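Please read it alongside the sequence and the coordinates.

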Amino acid sequence: MVARDRQRIDKWLFFSRAVKSRSLGAKLAVAGRVRINRDKAAQASDMVKPGDVLTITLERRIFIWKVLNTGVRRGPAEEARTLYEDMSPPPAPKNESVRDAIPALREAGSGRPTKKERRQTDRLFGED
């Protein structure tokens, strides 16, 4: 018998609107893309309870959600948001460059010639 304060991970993901169907929630759990309190969810039947921290990897994004409630149904988005607290760090702005990016290592002028440089060499050799 299942306790009332616990719920299967695939069902909870479906109720919280993290995935579109329970079968997708099950596939996500079996693929190892869901962690419950830092442990990989091995099966769709793994249980979650209020207070658990889930780390979910979806389409190049990582969500960190704290389970606040178990769901009863897949309701509207406002109802789904009451099931978890979003603890994910805010995404980096797209127009801002990465701080740790490595600058170009080649010296100016050591790569391919520019259009202006090609014209100058063509004029030197008499090609028009």
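A residue is called buried when its relative accessible area is under 20%, exposed when that area is over 50%, and partly exposed in between, with a 1.4 Å probe and protein chains only. The model is a predicted one, in which local features need pLDDT of at least 70 and side-chain atom pairs count only at pLDDT 80 or more, whereas totals for chains, interfaces and linings use all residues. Residues are numbered from 1 along each chain as its sequence is written, and side-chain values use heavy atoms, with hydrogens and water left out.

**Helix H2 and its surroundings**

Helices (H or I, at least four residues) and strands (E, at least two) are taken as DSSP runs and numbered from the N terminus. In helix H2, which covers residues 22-30, the buried residues are Gly25, Ala26, Leu28 and Ala29. Viewed down the axis of H2, these buried residues fall within an arc of 160 degrees, so they line one face of the helix; the arc is that of the directions from the helix axis to the C-beta atoms. Lys27 and Val30, on the other side of H2, are exposed. With contact taken as heavy atoms within 4.5 Å, the buried residues of H2 pack against helix H1 (9-15), strand E2 (34-36) and strand E5 (53-58). After H2 comes Gly32, which has a positive phi, near 85 degrees.

**The sheet and a loop**

Strands of a sheet pair through backbone hydrogen bonds, either parallel or antiparallel. Two strands are counted as paired here if DSSP finds at least two bridges between them. An open sheet is formed by 5 strands in the order E3-E2-E5-E6-E7, with antiparallel pairing. Strand E3 (39-40) and strand E7 (84-86) stand at its edges, each with a single partner strand, so one side of each is left without a neighbour in the sheet. The antiparallel pairing of E2 and E3 runs over 2 bridges, and Ile36 has Asp39 in E3 as its bridge partner.

The loop between E5 and strand E6 (61-67) contains Glu59, and Arg60 also has its place in the loop between E5 and E6. Although Glu59 is not a glycine, its phi is positive, at about 40 degrees, and Glu59 is exposed at 76% relative accessibility. Arg60, likewise not a glycine, has a positive phi of about 65 degrees and is exposed at 88% relative accessibility.

**Aromatic pairs**

A pair of aromatic rings is described by the distance of the centres and the angle of the planes. Rings of Phe, Tyr and Trp (its six-membered ring) pair if their centres lie within 6.5 Å, and planes under 30 degrees apart count as stacked, over 60 as edge-to-face and the rest as tilted. By this rule there are 5 aromatic pairs. In one of them, the rings of Phe14 and Phe15 have centres 6.0 Å apart and planes at 40 degrees, so the pair is tilted; both Phe14 and Phe15 are buried. Phe63 and Trp65 also form a tilted pair, at 5.7 Å centre to centre and with 50 degrees between the planes. Phe63 is buried at 17% relative accessibility, and Trp65 is buried at 7%. One aromatic cluster is formed by Trp12, Phe63, Trp65 and Tyr84.

**Salt bridges**

Side chains of opposite charge can pair when their charged atoms come close. A salt bridge is here a side-chain nitrogen of Lys or Arg within 4 Å of a carboxyl oxygen of Asp or Glu, and the structure holds 4 of them, including those in the table.

| Salt bridge | N to O distance |
|---|---|
| Asp10 and Arg22 | 3.5 Å |
| Asp52 and Lys49 | 3.2 Å |
| Arg73 and Glu79 | 2.8 Å |

Salt bridges that share partners join Arg8, Asp10 and Arg22 into one network. For the salt bridge of Asp10 with Arg22, Asp10 lies in helix H1 and Arg22 in helix H2, so the pair ties together parts that are 12 residues apart in sequence. Asp10 is buried at 4% relative accessibility, while Arg22 is partly exposed, with a relative accessible area of 35%. In the salt bridge of Arg73 with Glu79, Arg73 is partly exposed, with a relative accessible area of 47%, and Glu79 is partly exposed at 29% relative accessibility.
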